[in-house]
Amino acid sequence: MELMVPVKDGEVWAHDSGEPGGPGSGAGAAAPPLVLLHPGVADSRVWDGILPRLTQERRVIRYDARAYGRSPAPTTSFTLVEDLTAVLDHFDVARAFLVGSSMGGTTAIGLALADPARVAGLALLVPGITGNPDFVMAEFTAEVGRLAQAGDMDGIAALVLRTSAAAGTGDDSEVRALIGAVIPAWFAVHPHQVPDPPAFDRLGELDVPCVLALGERDDPEVVRCNEEMAARIPGCRLVRLRGSDHFPTLREPDAVVDVIREAYAAAR
C-alpha cells in the first residue's frame with residue numbers, strides 16, 4: 001500500500017508492505033516492522049533491489065523524505081526526526097526497527113536518542129551524524145556551493161560520483177540516475193530543514209542493538225567517522241563492506257541483507 005502521509009505543514013510519500021503472508025496471517029504481526037530511511041544521495045528507490053527479500057520476512061515501511069522521490073518539497077521548517085515520528089504515528093507503529101543509510105542513519109540515531117522506547121534496534125549503513133566537529137566535508141561543501149552558483153548541476157553530479165560512488169564501473173547508470181534525481185531536492189530543502197540536535201557526543205547513551213556497516217571505498221572522511229561512531233556506540237558491531245562506497249544497497253545487496261537480518265535478530 002502506498003499513500004501520502006501527513007507531516008507538519010506538508011506530506012511525504014510512503015509505502016507499507018503489510019504483514020508478510022498477507023493481512024491476518026499473523027506472520028510477524030507482533031514483531032516491530034522494518035522502517036527504511038534512505039540516504040541523501042538517493043531516494044527510497046535505493047531499497048528496491050533488496051526490498052523483496054525483506055518483505056518476505058517482515059512488515060517493511062519506507063518513505064521519501066521531503067522533496068525526494070515522490071514527496072513534495074517543504075514550504076515551512078521541519079526536522080527529519082519529526083517527520084519520522086509522524087510516519088510512525090500514521091501507521092500506528094509504537095516500536096520500529098530502523099534501517100538508516102547515510103542521512104537516514106542520522107535520522108535513525110536521532111530518534112533513538114530522542115525517544116528510545118520507539119526503537120527496537122538499528123542497522124546503520126554508511127551513516128551520517130550530527131554534531132561531529134571533525135566531520136564537516138568542507139571541501140565537498142565548498143565545491144558544491146561553487147558549482148551551484150555557476151548553475152552547473154552536471155558538475156555537482158560528477159562530484160558526487162567521484163566522492164561517493166568510487167566503487168562504480170562503466171557508466172554506473174543506476175547511481176547516476178539516483179544522484180541526478182536528488183540534487184534538486186538538496187536545494188529545495190535547504191531553506192527549510194532544521195538540523196536535529198547534535199548526537200555525536202551522545203552516542204554512548206544509545207541502548208539498543210546496533211550493527212554499523214561502512215563502505216571501505218567510501219570517502220575517507222566518512223570511513224573515519226563511521227569507525228569512530230561504531231567505537232562510541234555501546235555493543236555496536238562494525239562490519240566492513242570491502243566492495244562498497246556510499247551506495248551499499250547497490251554494491252553489495254546480499255551483505256546488506258545479512259547486516260539487517262543480524263541486527264534485527266538482536267532487536268528487543
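These legends go with several views of a predicted model.

The model is predicted, with local features needing pLDDT of at least 70, side-chain atom pairs counting only at pLDDT 80 or more, and totals for chains, interfaces and linings using all residues. Residues are numbered from 1 along each chain as its sequence is written, and side-chain values use heavy atoms, leaving out hydrogens and water.

**View 1. The whole protein chain and its fold elements.** Nine helices and eight strands make up the count here (DSSP runs, H or I of at least four residues for helices, E of at least two for strands, numbered from the N terminus). With a radius of gyration of 17 Å against 18 Å from the globule rule for 268 residues, the chain is as compact as a globular protein of that length (C-alpha atoms; the rule is 2.2 Å times the number of residues to the power 0.38). The C-alpha trace spans about 55 × 40 × 35 Å along its principal axes.

**View 2. The inside of the protein chain.** Of the 268 residues, 52% are buried (under 20% relative accessible area, 1.4 Å probe, protein chains only). Take the contacts with a separation of 6 or more: 75% of them link residues 24 or more positions apart (contact means heavy atoms within 4.5 Å).

View 3. After α2 comes Asp-92, with a positive phi near 55 degrees.

Technical notes:
Buried means under 20% relative accessible area, exposed over 50%, partly exposed in between (1.4 Å probe, protein chains only).
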